[in-house]
Amino acid sequence: MVETFNLFRNIYRKWKGQPPREEVTSAFRFKYTCFKDLLDSNTEILNIITDMEEKLRGHQVFGMAYIRSQSARAAFHAFRMIKSLDVLSGHRYLQLYQVLERINGRIKECLGERKEIPESAFILPYSQITRDMVDWVGGKSANLGEVGNRVGLPIPGGFAITTRSFQAFLAYNDLVDEINKCKIEIDPRDPQSVTRASEDIQELIRQAQAPPDLETAILNAYQEMAQARAAGDLRVSMRSSAIGEDSELSYAGQYRTILNVTKEGLIPAYKEIVASLYTPRAVSYRLNKGIRDEDTAMSVACLEMVDALASGVMYSRHPFNILEDHILISAVWGLGPYAVEGVISPDQYQVSKKGEFTILKTQAAHKAVKLVCCPEGGLQEAPVPPEDQDRPCLTPEQIKVLAGFARKLEDHYQGSQDVEWALDREGRLLVLQTRPLRIQAPTEAQRADIPPVPGYPVLLEQGAVAYPGVGCGPAFLVRSDEDLLDFPEGGVMVARHSSPKYVLVMPKAQAIVTDAGSISGHMASVAREFRVPTILGAEVATQVIPPGVEVTVDAYTGRVYQGKVRELLGRQQARESHMEDTPVYQTLKKVGEHIVPLNLVDPQSPEFTANACRTLHDLSRLVHELSYTEMFKISDLVSDKGEGAVKLDAPIPLDLYLIDLDGGLTGVKKEARKVTPANIACVPLKALLNGMMHPALQVRGPRPVEFAGLLSVMREQLLSGPGLEERFGDRSFAIISDKYLNFSSRVGYHYSVLDAYCGRTVNKNYITFSFKGGAADDVRRNRRVRAIAIALVGLDFSVDVKGDRVDARLMKYEAPVIEEKLDQIGRLLNFTRQMDMLMTSEVSVEALAKQFLEGNYSLEFLERPLG
């Protein structure tokens with residue numbers, strides 16, 4: 001960290017002493033890199049909070065390794081945000097390090113001492129495994145043991161090779177040091193370096209020797225299982241069961257599963273699965289997410305290989321249609337990967353949960369091939385006999401047995417389940433894996449297959465679900481903070497944009513719908529904390545939902561109905577947490593109190609300070625807010641002489657120079673001193689220029705002159721004296737990258753500064769804009785900024801006016817919306833230039849703003865008396 005501070009200090013000192021062009025660009029590029037790191041870490045903290053909130057619902061199995069890992073990640077990203085802000089600001093926020101240390105200290109107190117596994121526990125048979133052992137055997141094995149021992153459903157025989165085995169394997173071969181040596185060569189921004197390190201690490205693991213006592217333990221456990229099955233040549237499936245990370249990698253099938261393993265292949269397969277912990281994607285994921293290697297470990301499930309007659313997947317309810325609470329089963333001949341990976345179309349069955357499991361629908365697919373075990377080990381594709389290709393894989397009795405499994409699992413885990421199953425050649429149905437079913441909002445294509453509830457007008461049918469559920473009540477439109485004071489009990493909030501300030505009324509709200517907002521943003525996190533059904537990014541909610549009308553919000557499909565839809569409200573089921581009675585859940589709850597809640601919701605509040613931060617969420621919110629202020633100031637560092645800049649040759653009323661940090665220009669030679677709009681690759685600058693060059697604003701000839709206004713300008717110039725400290729230089733600057741813009745226009749007696757980011761990640765996108773000054777008297781200057789402020793409010797900006805200065809901000813919109821707003825600001829800058837002398841009365845304030853918002857850029861209205 002000290003080296004980073006020194007680097008920036010040296011760059012800045014060199015730049016300050018009239019540096020060459022390259023060093024000027026380096027200074028800005030360094031600041032921009034710090035800012036991007038800060039935005040990335042802010043996104044990661046919000047993702048961590050989202051994942052912890054999901055675990056706190058109590059429907060997923062996790063262990064202490066998960067809590068330690070997520071806590072360490074959150075602290076790491078908070079530190080990274082503080083470091084970036086401190087460098088950006090010239091070390092004006094050292095106090096934030098102390099705040100982080102205080103909060104992190106409380107988290108560590110909650111975590112307490114680490115529970116250790118007994119030294120001898122290299123192997124644990126599934127007959128002894130439950131969900132409480134997730135730190136020892138990983139979530140996959142812990143769930144499977146829970147299914148066999150507490151739910152009482154049939155599972156394959158087998159054992160887990162524990163995380164203690166993993167630690168012993170690394171220690172025996174001194175692999176920790178060797179792995180760290182390989183990782184030193186990694187540049188996170190260079191994919192090739194990640195791939196090279198990954199391949200080197202995996203090869204180290206493959207070539208390593210298993211400790212003799214570990215190898216003996218694995219072979220003995222295998223032999224006991226073979227004797228119990230009276231199978232001399234027992235085959236097994238070996239599945240990864242990693243701990244210490246959130247579920248993203250395991251859900252994506254990142255780690256290895258090896259099927260039909262012989263006795264001779266046990267140790268090589270174990271090493272292959274351990275090596276999969278270091279695939280390029282896994283290494284890159286941990287680096288970017290701030291996950292430490294010491295917080296990860298690989299357990300391996302070693303299960304009797306089911307030479308399946310048929311296999312498939314079962315959902316205990318529909319994954320996105322709230323109106324369908326039926327069991328869904330898919331099936332293929334042979335082994336399950338062909339069903340999971342979608343190689344062939346499976347049979348589909350729909351079963352009622354009620355009573356005797358009535359089969360509602362059977363759809364047999366054509367299944368020409370299947371995946372089977374090879375006699376010598378491994379898998380192969382085989383043809384399905386012609387007579388079976390169109391025959392259902394399951395009998396009605398077998399379908400009902402599986403449906404019974406689904407209902408038992410859902411009752412036990414108190415949540416919908418995603419189950420893998422197999423039918424062996426003896427006719428036994430077995431559970432191979434179960435995990436929480438991710439209930440997600442349907443895609444556009446899926447939504448089209450879910451008909452609206454008949455009899456109720458659909459007011460809205462789009463948006464992203466931040467928290468699923470159904471809410472009903474009178475719609476209440478929130479336009480400002482003052483509206484929150486009148487929010488009714490049981491109302492449905494409708495707003496233009498998401499805001500953490502809405503926490504004030506969330507205890508009263510039945511649902512929330514906004515035109516814009518991100519499902520991983522601060523307000524979405526608060527909505528999940530209060531469990532309020534929430535739809536964000538609906539675009540037109542404030543236009544189509546009438547205030548005061550009773551509506552039903554379906555925060556599954558993204559629909560809003562007029563009236564009370566009892567069919568949907570009847571589907572709301574209170575689910576109890578099956579994890580709440582466990583010590584590990586209580587630990588997460590205590591730790592979460594110092595990470596998840598957001599108390600700093602209003603940047604304008606006097607309590608929005610470092611001393612008021614009680615959680616890492618508070619700290620990240622504060623740092624995120626302060627970072628905009630620091631980036632807003634970046635234009636102050638631009639040299640009046642314009643070193644490192646190229647001039648833009650464009651039909652705009654500015655002498656504009658560009659400094660490219662990274663990817664902001666294209667097709668420009670190194671020695672070039674001028675560029676054209678065709679060379680601009682910076683998304684926000686292109687949008688701004690499109691507005692400034694709008695055909696209706698290409699005014700020919702002088703602007704109309706109002707005589708009293710002209711006298712006001714002359715009087716101000718005479719009274720200001722020869723120093724003219726208020727007057728700025730005539731050059732304007734834009735510091736750009738492909739997605740970033742810092743634009744400073746300082747012309748005559750006024751200036752405007754715009755800072756914007758426009759990319760695919762909604763949480764990073766923003767515009768901050770400030771306008772000040774003018775040549776006329778104070779009254780006329782104030783009138784102009786108030787007119788600008790009204791126009792900006794009409795464009796959905798939050799605005800603050802003080803004297804002759806207006807400050808505006810717009811945050812967390814999709815990229816097309818950010819581009820459209822920047823286009824409008826470009827028009828506004830051109831439309832209002834030199835307008836202060838024409839602001840002859842209060843009537844002109846509203847008239848100017850109205851003219852602009854209507855898209856009428858003619859100045860004729862200023863040539864006739866107003867009011």
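## Helix H25 and its packing partners

The axes of helix H22 (residues 683-692) and helix H25 cross at roughly 40° and come within 6 Å. An angle of that size makes H22 oblique to H25. Do keep in mind that this is a predicted model.

**H22 against H25**

- The crossing in which H22 passes H25 is right-handed.
- On the H22 side, the contact uses Val683, Pro684, Ala687, Leu688, Asn690, Gly691 and Met692.
- Facing them in H25 are Glu819, Leu822, Asp823, Ile825, Gly826, Arg827, Leu829 and Asn830.
- By residue type, the contact of H22 with H25 has eight nonpolar, four polar and three charged residues.

**H24 against H25**

- Helix H24 (residues 778-794) packs with helix H25 (residues 815-832) at about 155°, and their axes lie 12 Å apart.
- Because angles over 145 degrees count as roughly antiparallel, H24 is roughly antiparallel to H25.
- H24 passes H25 in a right-handed crossing.
- Arg784, Ile788, Ala791 and Leu792 of H24 make the contact with Ile825, Leu828 and Thr832 of H25.
- Five nonpolar residues, one polar and one charged make up the contact of H24 with H25.

**Nonpolar cores**

- The largest nonpolar core holds 51 residues, and Leu658 and Leu754 touch the most other members.
- H25 supplies the largest share of this core, with seven residues.
- Another core, of 46 residues, lies apart from it and includes Leu170, Ala221, Ile267 and Ala269.

Note on methods: Residues numbered from 1 in each chain as written. Predicted model: local features only at pLDDT ≥ 70, side-chain atom pairs only at ≥ 80, totals over all residues. Heavy atoms only, no water. Axes fitted to C-alpha atoms, helices over the stretch in contact; angles between N-to-C directions. Helix = DSSP H or I, 4+ residues; strand = E, 2+ residues; numbered from the N terminus. Parallel < 35°, antiparallel > 145°, perpendicular 65-115°, else oblique. Left-handed = near helix turned anticlockwise from the far one by under 90°. Contact = heavy atoms within 4.5 Å. Nonpolar A, V, L, I, M, F, W, Y, C, P; charged D, E, K, R; others polar. Core = buried A, V, L, I, M, F, W, Y, C linked by side-chain atoms within 4.5 Å. Buried < 20%, exposed > 50% of the residue type's maximum accessible area, 1.4 Å probe, protein only.
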